[in-house]
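Hello,

Here is the structure you asked about. Please look through it first; my notes come after it.

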Amino acid sequence: MKPPRTLITEIVVIIAVAAAIGLAWNRQMLVESWTGKVQRSSPTVATTTDRLPLPLGVMQVKELFDRGEGYFLDARDAATFAGGHIRGARSLPLGEFETRLPEFRKQVPKTMPLIIYCNGYGCHDSMDLGKKLIQAGYWEIFIFEGGYPEWKEAGYPVEGTKP
Amino acid sequence: MERGGLPGGRDQTVTEAPRKYLKLALRIVLGGIFLYAGMLKIADPATFAGSVAAYKLLPTFGNYLVAATLPWVEVFCGVLLIIGIRTRPAATLILLMNLVFAVALSSAIIRGLDIDCGCFRQGGPKTSPWIALLRDLAFIAGTVVLLWLDTCRTEPPAA
């Protein structure tokens, strides 16, 4: 029977050789992660291939609103939008997505977080629009599921309402 | 090993052959599993780093460091087990790795993390930590048996 010391030495040698090859093989990835460049393709979320829009509650949305973060996007049709919407929101009706996408792309960078809403929980236009925008290459898509009704109900800032 | 039972000892002729084949089978199966697992991770180290990060046990760079090196240790151990060179250190290392995995998986279960174990193919459908832990325990059992068989072979027969 071999003494345990030999066993430990052999284990250390195996680890050292394997780790050395691994470090050399992945040197680029390691350098990038060390310098913090790898964040974008960072795999902290294992769902890069089938990302879905992230639902947010009214409190979280209000926080983003107060901090002036994100781009509020109204998925309802133009007439409904004109009748009142979250203050500062822009209109991108789901039905006009294809025709208006080129213009939208010019105005809004892909890294911009988008907060999409429509007419509340029964309305799926915001989710559908979010999915289309992900396909169009937009990175951060949030859905405000409560939508305009919940926002208005809470007494948060709106604009375009008729007096 | 000479044939025939030693006086007062166990009958070597009965136990020797099955022992040999069991050892060979365990070596090939465990070695194959680890070779396969390691190669899948080497193919996609960045995603594996993400799987490691999901355990929330290491700092960011630590996740990448593990992702860069651990799969190679798995592959090395797998190959050594299959070809039957340095079986003992390779099996011991596999045992140690499996123990670490078991601890990591248990901690994920305790903390209620809903994550993919990241054991084999990276990305794709999730393997629940419970299934991964059970599988891991089976590997541990196999490795222990393999090491035990190995030790018995090299020990001098009882006088």
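Predicted model: local features only at pLDDT ≥ 70, side-chain atom pairs only at ≥ 80, totals over all residues.

Chain B has five helices and no strands, so read along its sequence the pattern is α-α-α-α-α. Chain B is 159 residues long, and 39% of them count as buried. Taking the contacts in chain B between residues at least 6 apart in sequence, 69% join residues at least 24 apart.

The contact between the two chains draws 29 residues from chain B and 22 residues from chain A. On the chain B side, the elements that give two or more residues are helix H2 (45–54), helix H3 (60–83) and helix H4 (87–110). H3(B) gives the most, with 11 residues. By residue type, this side of chain B divides into 17 nonpolar, eight polar and four charged.

In chain A, one residue to look at is Ile143(A), which is found in strand E6 (residues 141–144). Is Ile143(A) buried or exposed? Ile143(A) is buried, because 25 other C-beta atoms lie within 10 Å and the cut-off for buried is 20 or more. Leaving out residues up to four places away in sequence, Ile143(A) touches Pro53(A), Leu54(A), Pro55(A) and Leu56(A), and also Ile116(A), Ser126(A), Met127(A) and Gly130(A). Val61(A) is 82 residues from Ile143(A) in sequence, with a C-alpha to C-alpha distance of 9.0 Å in space.

Regards

Terms used:
Residues numbered from 1 in each chain as written. Chains lettered and ligands numbered in written order. Contact = placed C-beta atoms within 7 Å. Helix = DSSP H or I, 4+ residues; strand = E, 2+ residues; numbered from the N terminus. Nonpolar A, V, L, I, M, F, W, Y, C, P; charged D, E, K, R; others polar. Buried ≥ 20, exposed ≤ 12 C-beta atoms within 10 Å, placed from the backbone.
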